[in-house]
Amino acid sequence: MKIKIGKAGDNDFVINDPQVSRYHALLTQDENHDLLLEDLGSTNGTFVNDSQIIKKRVTSEDRVTFGMKYTVLIHDILKRDNDYSEEFARLRNVYDDYIKEKIRIQSSNQFKTRLFQSLPFAVIGVAGIVLGFMGHTNKGVFIFSFILAVFAPTIGIYFGARQAAKIPAQLQRLANQFKIDYVCPKCGTFLGEIPWESLSNKKRCPMASCKAKWVRT
């Protein structure tokens with residue numbers, strides 16, 4: 001990809017500044033996404049992070065000045081056509097990971113809830129029955145075994161309810177992080193729980209003030 005930069009209208013990135021040459025510079029991105037900025041013999045020079053250059057490898061976060069005062073980030077030059085397709089593509093993993101973790105939280109807690117509900121009954125209840133059988137001639141042992149057998153389900157319900165109560169908090173923390181991560185890469189608008197594939201069919205952000213391209217056409 002090559003981006004021609006300058007004052008002339010046929011440049012890819014047009015700068016309306018009298019100190020910028022008609023064909024001022026060229027930004028090239030190769031197949032490995034490495035960036036090279038080259039001054040095209042401009043009158044007032046090209047500066048990367050305040051240092052004048054003729055040809056220099058740059059990153060998207062470098063600050064470039066064309067002429068004496070027009071300053072812009074390389075990132076903004078790359079987004080001259082509002083293309084955020086690469087950033088949007090990464091949101092697919094964000095959505096997939098969110099769904100997987102949501103299912104894991106629900107299934108794991110449901111299993112633990114059932115386990116806590118049944119285990120006390122199985123262990124304490126059976127112990128109570130055994131003690132009752134062994135101590136049927138001893139009134140004290142029999143009463144104790146009866147109490148164990150009666151209260152075992154109550155204990156299971158209590159611990160099961162405590163485990164179940166953890167689910168909403170865990171899901172809420174997951175949802176809060178999802179609202180931070182699953183947003184339009186340009187305007188930051190939360191995209192809801194709409195599957196990534198459905199959003200990609202829209203091809204661009206629906207916000208009137210954004211319209212970032214999500215899918216390169």
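## The E8 and E9 hairpin

Let's start with a pair of strands: E8 and strand E9 (residues 70-73) pair in the antiparallel sense, with four bridges between them. Within this pairing, Thr65 has Thr71 of E9 as its bridge partner. Three residues lie between the strands of this hairpin, and Gly67 takes a positive phi near 75°. Keep in mind that this is a predicted model.

E8 (residues 63-66) also runs antiparallel to strand E5 (residues 46-48), to which three bridges join it. Here Val48 finds its bridge partner in Val64 of E8.

## The five-stranded sheet

Elsewhere you will find an open sheet of five strands, ordered E2-E1-E3-E4-E7, with mixed pairing. Its edges are strand E2 (13-14) and strand E7 (55-58), each of which pairs on one side only.

Strand E4 (residues 35-39) pairs with E7 in the antiparallel sense over four bridges.

## The nonpolar cores

Which residues touch the most other members of the largest nonpolar core? Among its 18 residues, they are Ile5, Leu27, Leu37, Phe66, Ile74 and Ile77. Two or more residues each come from strand E1 (2-6), strand E3 (25-29), E4, E8 and helix H1 (74-78). H1 gives the largest share, three residues.

Another core, of 17 residues, lies apart from the largest one and includes Phe88, Tyr95, Trp196 and Leu199.

Terms used: Residues numbered from 1 in each chain as written. Predicted model: local features only at pLDDT ≥ 70, side-chain atom pairs only at ≥ 80, totals over all residues. Heavy atoms only, no water. Pairing = 2+ DSSP bridges. Core = buried A, V, L, I, M, F, W, Y, C linked by side-chain atoms within 4.5 Å. Buried < 20%, exposed > 50% of the residue type's maximum accessible area, 1.4 Å probe, protein only.
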